[in-house]
Amino acid sequence: MSEVGFFGLGFAVLLHIIFVSITIGVGWIAAYSRLKAYLSNDSYLEMFSRKVFKVMVVFELFSGVWGTIITVFLAGFFPTLTALATNVLFVPLLIALISIMVRIPSIGIFWYTWGKIHPKYHSFIGIVMAVSGFTIPLGFRAIFSEITAPTAVAEYLSTSAVSPLAAYANPFFWLLYLHTLFAVMSVGGFVVAYLMSLEGDSDGIRVGYLYGLGFLLIQIPMGVIFWASLHDYSPYMFSSVTFGSFAPAFAAKIAVVTALLVLGVLGYVRESASYTKYSLILALSAVFFGEMMNSGARYPYMVVTGSEGIPIAAFSNFYIEVPMVAVYVIMAFLLISLAVFLTAAFYALFKRYLTEVPES
């Protein structure tokens, strides 16, 4: 049961990361474009910002839903891991919680005050909203770094006490965090480029490509550094990704990123909208394969400690025996929910949001 729960959790995490990659990157592009529109009194940038922001709102809804699913999986299937994370990583989780409490209201305020308050204050709200998107992974990525290369967890297990900021003393965390930020900004750019191509907005396509390609060029060397760091911080993960069962996913990501770089450059130089669809598919595929390795390459361990780890079963629910039928029903529900969410997202984006732009 614990293995099925592990894969269910991994599936939920994978989808959540894909949605979050879109919302954080697109959110920053929307907020920064709004600020530039105010500073330069550019009506086009303001319209562009509104379109991009509405795209973010759609995906923010779905990312929040899948975040809730992850919480339920952790609490129901792996209560021991949840308790350990809550005790040891209280400060990172608090940072993530406060960031969510800022982000959700600021999204609503940013939208409903558009055109109703001074552009200076409206732009400030947008920047707060966008920055809160960066501070959410500042909290949650600490969990991933700790189950991959424990610092705070190791301190707690050896001394039964831990410094509140111990997770941030872990160099691997900062590599993972920067790796994540550059990736989401690149994805956000390619999403914007594709959606603006549906509108025939050449200026919007160019802005999207600038973000997508610019951060991709930063992300590639950062990805190499991150991969090499696994050799020192998490030998088991390094071996699994480089030589083991997840080597095909690693090779696929390298191929996808290479193709994305080539298509991105061609699309930007030729100013062609026809490349944007394939660039978007490749960008999301890179997130898919990357997070597949980040979340799955520690199997059969839940927490990796050097060349070994703590098995999944050690964190399972010992008090309630969950029938396998119930587990499979939950998994089926997740798959059905995904199909419904994607259908709804398609309708919201292509039938409503991008074809009906409200007046200022």
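The following paragraphs lead through the structure, from its overall build to single residues.

This is a predicted model, in which local features need pLDDT of at least 70 and side-chain atom pairs count only at pLDDT 80 or more, while totals for chains, interfaces and linings use all residues. Residues are numbered from 1 along each chain as its sequence is written, and side-chain values use heavy atoms, with hydrogens and water left out.

The protein has 12 helices and two strands. Here helices (H or I, at least four residues) and strands (E, at least two) are DSSP runs, numbered from the N terminus. Read along the sequence, the pattern is α-α-α-α-α-α-α-α-α-α-α-β-β-α. Of the 360 residues, 51% are buried; a residue is called buried under 20% relative accessible area, exposed over 50%, and partly exposed in between (1.4 Å probe, protein chains only). Contacts, meaning heavy atoms within 4.5 Å, can also be sorted by separation along the chain. Among contacts between residues at least 6 apart in sequence, 79% join residues at least 24 apart.

The two strands come next. Strand β1 (residues 301-305) and strand β2 (residues 308-311) pair in the antiparallel sense over four bridges; strands are said to pair if DSSP finds at least two bridges between them. Val303 has Ile310 in β2 as its bridge partner. The hairpin of β1 and β2 has two residues between the strands, and Gly306 in this hairpin takes a positive phi near 75°. In a regular strand the side chains alternate between the two faces of the sheet.

Salt bridges join other parts of the chain. A salt bridge is a side-chain nitrogen of Lys or Arg within 4 Å of a carboxyl oxygen of Asp or Glu, and by this rule the count comes to four. One of them joins Glu199 and Lys51, with the closest N and O atoms 2.5 Å apart. Glu199 lies in the loop between α7 (171-198) and α8 (202-233), whereas Lys51 belongs to helix α2 (residues 43-77), and the two are 148 residues apart. Glu199 is partly exposed because its relative accessible area is 30%, whereas Lys51 counts as buried because its relative accessibility is 7%.

Another salt bridge connects Glu60 and Arg103, whose closest N and O atoms are 3.1 Å apart. Glu60 sits in helix α2 and Arg103 in helix α4 (residues 90-112), 43 residues apart. Both Glu60 and Arg103 are buried. A further salt bridge is formed by Glu291 and Arg141, at 3.0 Å between the closest N and O atoms. Glu291 lies in helix α11 (residues 276-296) and Arg141 in helix α5 (residues 119-148), so this pair ties together parts 150 residues apart in sequence. Glu291 and Arg141 are both buried.

The structure also holds two cavities of 30 Å³ or more. On a 1 Å grid over the protein atoms alone, a cavity is a set of points where a 1.4 Å probe fits but cannot get out, and lining residues have an atom within 4 Å of a point. Grid points are joined across faces, edges and corners, and a volume is the space filled by probe spheres set on the points. The largest cavity has a volume of about 60 Å³. Its lining includes Leu81, Ile143, Glu146 and Val303, and the elements that give two or more residues to this lining are α3 (79-88) and α5. The second largest cavity has a volume of about 50 Å³. Among the residues that line the second largest cavity are Phe144, Thr148, Phe226 and Arg298, and α5, α7 and α8 each supply at least two residues of this lining.

Two single residues complete the picture. Ser234 lies in the loop between α8 and α9 (235-242) and counts as buried because its relative accessibility is 0%. Not counting residues up to four places away in sequence, Ser234 touches Thr148, Ser229, Val304 and Gly306. Tyr209, in turn, is found in helix α8 and is buried, with a relative accessible area of 1%. Tyr209 and Val191 are 18 residues apart in sequence and 9.2 Å apart in space, C-alpha to C-alpha. Leaving aside neighbours within four places in sequence, the contacts of Tyr209 include Gly189, Phe190, Gly264, Tyr268 and Ser279.

Note on methods. On a 1 Å grid over the protein atoms alone, a cavity is a set of points where a 1.4 Å probe fits but cannot get out, and a pocket is an open set with protein on both sides within 12 Å along at least five of seven lines; lining residues have an atom within 4 Å of a point.
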